[in-house]
Amino acid sequence: MANRIIIGERAGDYGIFISRPGVDVLTATGSQLLLDTTRRPLQLVQTGALILNGSFTTVAFPNLGFKPVILWSTDYNTGSLNGSFIPLRLYFPSATTFNVCGSDNGCNVTYGITNLPVDAF
């Protein structure tokens with residue numbers, strides 16, 4: 001049976017660690033841990049809203065030193081594709097901006113920039 005819980009020191013870090021069933025907590029990677037109290041909690045660094053215009057819209061955010069996870073929600077009942085699925089494309093042209101583009105003119109997008117790096121998952 002695998003070790004599943006550590007309260008104390010693990011690989012130089014101190015905290016509470018719980019691994020997924022069948023995974024040894026001593027050798028588990030970050031994605032194999034159900035709980036790791038040394039990881040940062042999710043926080044929103046910046047929030048905002050924009051309206052898609054059919055081309056790329058640039059959003060500036062503070063320099064976090066990494067590409068952050070970005071959460072977003074769209075209002076599918078606005079714009080030219082009323083009620084349809086709206087695919088969004090997102091990329092980071094710099095350390096402090098992301099561009100978002102959707103095929104729908106007039107669709108409302110609400111976004112939240114988090115304190116977590118994309119490669120944390």
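Which strands each supply at least two residues of the lining of the largest cavity? They are β6 (68-75), β8 (97-102) and β9 (108-117). The model is predicted. The protein chain has nine strands and zero helices.

**The chain overall**

- Along the sequence, the pattern reads β-β-β-β-β-β-β-β-β.
- The protein chain has 121 residues, and 33% of them are buried.
- Take the contacts in the chain with a separation of 6 or more: residues 24 or more positions apart account for 57% of them.

**The cavity**

- The structure holds one cavity of 30 Å³ or more.
- The space in the largest cavity is about 40 Å³.
- Its lining consists of Leu50, Ile70, Trp72, Leu90, Phe98, Val100, Val109 and Tyr111.
- By class, eight lining residues are nonpolar. The lining has no polar and no charged residues.

**The nonpolar cores**

- In soluble globular proteins, nonpolar side chains tend to be buried together.
- The largest nonpolar core here has 13 residues. Those touching the most other members are Leu50, Leu52, Ile70, Phe98, Tyr111 and Ile113.
- β7 (88-94), β8 and β9 are the elements that give two or more residues to this core. The most comes from β9, with three residues.
- Another core lies apart from the largest one. It has six residues, including Phe17, Val23, Val25 and Leu33.
- Isoleucine 113 belongs to the largest core. Beyond its neighbours within four places in sequence, isoleucine 113 is in contact with Gln43, Leu44, Val45, Gln46, Phe61, Leu64, Pro68, Val69, Ile70 and Phe98.

**Isoleucine 5**

- Isoleucine 5 sits in strand β1 (residues 5-10).
- Its relative accessible area is 56%, so isoleucine 5 counts as exposed; the cut-off for exposed is over 50%.
- Setting aside neighbours within four places in sequence, isoleucine 5 is in contact with Phe17, Ile18 and Val25. Phe17 and Val25 are among the residues of the six-residue core.
- Leucine 33 is 28 residues from isoleucine 5 in sequence. In space, the two are 9.7 Å apart, C-alpha to C-alpha.

**Threonine 38**

- Threonine 38 lies in the loop between β3 (33-36) and β4 (44-51).
- Is threonine 38 buried, exposed or partly exposed, and what is its relative accessibility? Threonine 38 counts as partly exposed because its relative accessibility is 37%, which falls between the cut-offs of 20% and 50%.
- Leaving out neighbours within four places in sequence, threonine 38 is in contact with Asp13, Tyr14 and Phe17.
- Isoleucine 16 is 22 residues away from threonine 38 along the chain. Their C-alpha atoms are separated by 7.9 Å.

**Threonine 74**

- Strand β6 holds threonine 74.
- Threonine 74 is buried because its relative accessible area is 13%, and buried means under 20%.
- Not counting residues up to four places away in sequence, threonine 74 touches Leu88, Cys107, Asn108 and Val109. Val109 is also one of the residues lining the largest cavity.
- Alanine 49 is 25 residues from threonine 74 along the chain. The C-alpha atoms of the two are separated by 9.6 Å.

Note on methods. Residues are numbered from 1 along each chain as its sequence is written. This is a predicted model: local features need pLDDT of at least 70, side-chain atom pairs count only at pLDDT 80 or more; totals for chains, interfaces and linings use all residues. Side-chain values use heavy atoms; hydrogens and water are left out. On a 1 Å grid over the protein atoms alone, a cavity is a set of points where a 1.4 Å probe fits but cannot get out, and a pocket is an open set with protein on both sides within 12 Å along at least five of seven lines; lining residues have an atom within 4 Å of a point. Grid points are joined across faces, edges and corners, and a volume is the space filled by probe spheres set on the points. Helices (H or I, at least four residues) and strands (E, at least two) are DSSP runs, numbered from the N terminus. Ala, Val, Leu, Ile, Met, Phe, Trp, Tyr, Cys and Pro count as nonpolar, Asp, Glu, Lys and Arg as charged, and the others, Gly among them, as polar. A nonpolar core is a set of buried Ala, Val, Leu, Ile, Met, Phe, Trp, Tyr and Cys residues joined through side-chain atoms within 4.5 Å. Buried means under 20% relative accessible area, exposed over 50%, partly exposed in between (1.4 Å probe, protein chains only). Contact means heavy atoms within 4.5 Å.
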